[in-house]
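Please look over the sequence and the model before reading on.

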Amino acid sequence: MMRQAQKNGTAPLYEIRDLVCAYGDEPVLHIDRLDISSDGPTAFVGHNGSGKSTLLKALAFLLKPAAGTIRFLGEPTEEREGELRREVTLLLQEPYLLRRSVFENVAYGLRARGATDRLVERVAEALQMVGLPPDFGKREWFRLSGGESRRVALASRLALRTKVLLLDEPTANVDEENALLMARVIGEAREKWGTVSLIASHDIQWLDGVCGRRILMRRGKIESISA
Amino acid sequence: MSYLSEGFIQGLGLIFTMNEEVWTAVITTLKLSFLSMAVTLALGIPGGFILGYFSFPGRRILRIMVDTLLSIPTVVVGLFVYAFISNRGPLGGYSLLFSIPGMAIGQTILALPIVVALTASAVESVDDRLRLTLLTLGARGKRLALSTLWESRHQILLAAVTAYGRVTAEVGVSMMIGGNIKWHTRTITTAITLETGKGEFSTGIALGVLLLGLSFVLNWSLAALRRRTAS
Ligand SMILES: Nc1ncnc2c1ncn2[C@@H]1O[C@H](COP(=O)(O)OP(=O)(O)O)[C@@H](O)[C@H]1O
Ligand SMILES: [Mg+2]
């Protein structure tokens with residue numbers, strides 16, 4: 001049934017069942033049941049420490065669940081993390097750039113995938129989406145402002161054209177202009193490649209312009225879901 | 001104290017007139033340190049990386065051993081290497097005693113723990129955001145490992161410079177293994193020891209100034225590097 005569902009493209013993006021995530025021995029996230037659809041962006045909202053970042057890491061296959069399962073597009077995900085990490089990418093709350101030029105930062109994931117034909121064009125496209133000109137690629141990592149670093153980190157995810165883009169607090173410490181850019185890019189990635197964005201944020205006002213579906217988290221649990 | 005200032009002036013004279021004895025010692029120091037550093041880096045960077053990146057049984061005790069070797073006295077290394085390469089030693093047949101390669105063995109033993117320990121802690125202490133970033137960009141296996149090493153390159157260079165400092169400044173190994181032979185195994189530091197012993201301050205001062213200059217150039221480049229790493 002599941003395989004059938006996936007073929008028809010109707011399986012949810014993620015199906016979470018009895019999920020527990022822990023740091024060391026301390027469980028911090030419990031989700032009994034949650035389906036995330038690929039119909040549009042979904043936001044996770046909640047106070048600091050409510051488990052949003054932890055959930056995003058689990059959805060990015062960076063954190064092995066202590067218990068429970070996550071299915072991705074109808075398929076089990078255990079022992080496939082390496083491969084699945086190429087379908088899903090995460091922009092960390094504090095973006096981190098590799099110690100290389102902007103171009104090499106954006107090209108890194110493409111090179112890792114062996115997707116090196118039209119590399120220059122794909123890097124330029126990603127830079128353009130975040131409002132940076134192609135010759136910005138020559139800049140070294142230590143010559144960027146905070147806002148520029150953030151844009152480059154985002155561009156290096158966009159270049160990958162993944163099915164899922166996970167964004168952790170994308171508007172924290174970001175000025176108005178960059179917040180608007182972030183919202184525009186989420187829409188553009190969806191139109192271009194059908195990328196689904198899942199966003200952790202407390203910025204309710206900003207989220208209003210970005211997505212409808214909200215999942216409210218509290219103390220590592222889902223409190224409520226609103227459409 | 002006038003003999004000191006006179007010595008200083010004469011010393012500068014020796015440098016600028018390219019005094020052959022002085023420059024031979026400098027060249028020997030450079031040759032020797034180049035050789036020991038080449039071997040040290042070739043072994044130390046991969047060794048340190050393995051120690052810092054992978055977890056395997058015995059890793060902790062190995063770390064502690066490497067850290068212990070960081071402070072090994074140069075004369076102890078000199079003693080051991082001497083015992084190995086002297087005529088009666090197991091490596092006696094290679095005529096390494098009183099030769100630059102023999103001295104390089106000793107210096108490598110001094111420098112290797114520095115490069116291994118500092119590389120290991122550089123790789124171990126990489127920002128968790130780096131690891132997550134590489135993973136979210138889809139790196140795995142060999143690429144993940146090599147990118148981690150590459151992203152730590154500034155700290156590894158610091159390790160190399162630190163090791164280079166120890167190698168050029170040491171006396172024990174050069175003296176015991178090299179024998180301070182004029183035109184052959186006499187380095188800056190062993191020459192200073194000898195000249196001072198003879199009361200020849202000017203040559204000693206000339207050599208000291210050159211050694212300081214060498215260290216200054218190194219630290220200058222290091223400071224430039226630090227500025228980059230900080231950002
Ligand atoms: N690396 C970590 N090690 C241990 N505990 C952590 C770590 N990261 C987060 N936590 C804990 O997990 C809980 C959820 O944190 P997090 O997922 O970061 O929440 P949010 O992103 O909603 O602020 C918090 O109690 C936090 O202290
Ligand atoms: Mg968070």
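Which residues of the largest nonpolar core touch the most other members? They are A:Y14, A:F44 and A:L59, in a core of 80 residues. A nonpolar core here is a set of buried Ala, Val, Leu, Ile, Met, Phe, Trp, Tyr and Cys residues joined through side-chain atoms within 4.5 Å, where buried means under 20% relative accessible area with a 1.4 Å probe, protein chains only.

This is a predicted model: local features need pLDDT of at least 70, side-chain atom pairs count only at pLDDT 80 or more, and totals for chains, interfaces and linings use all residues. Residues are numbered from 1 along each chain as its sequence is written, chains are lettered from A in the order in which they are written, and side-chain values use heavy atoms, without hydrogens and water.

- Helix α7 of chain A (residues 176-193; helices are DSSP runs of H or I, at least four residues) gives the largest share of the 80-residue core, six residues.
- A second, separate core has 13 residues, including B:V81, B:L97, B:I100 and B:I177.

**Interface of chains A and B**
- Chain A contributes 26 residues to the contact and chain B 22, contact meaning heavy atoms within 4.5 Å.
- About 2,300 Å² is buried between the chains, 53% of it from carbon and sulfur atoms; buried area is the accessible area (1.4 Å probe) lost on being put together, summed over both parts.
- A:Y96, A:R99 and A:Y108 supply 31% of the area that chain A buries against chain B, more than any other three residues.

**Salt bridges**
- Two salt bridges are counted between chain A and chain B, each a side-chain nitrogen of Lys or Arg within 4 Å of a carboxyl oxygen of Asp or Glu.
- A:R100 forms a salt bridge with B:E151, with the closest N and O atoms 2.8 Å apart.

Methods: Buried < 20%, exposed > 50% of the residue type's maximum accessible area, 1.4 Å probe, protein only. Helix = DSSP H or I, 4+ residues; strand = E, 2+ residues; numbered from the N terminus. Buried area = accessible area lost by both parts, 1.4 Å probe.
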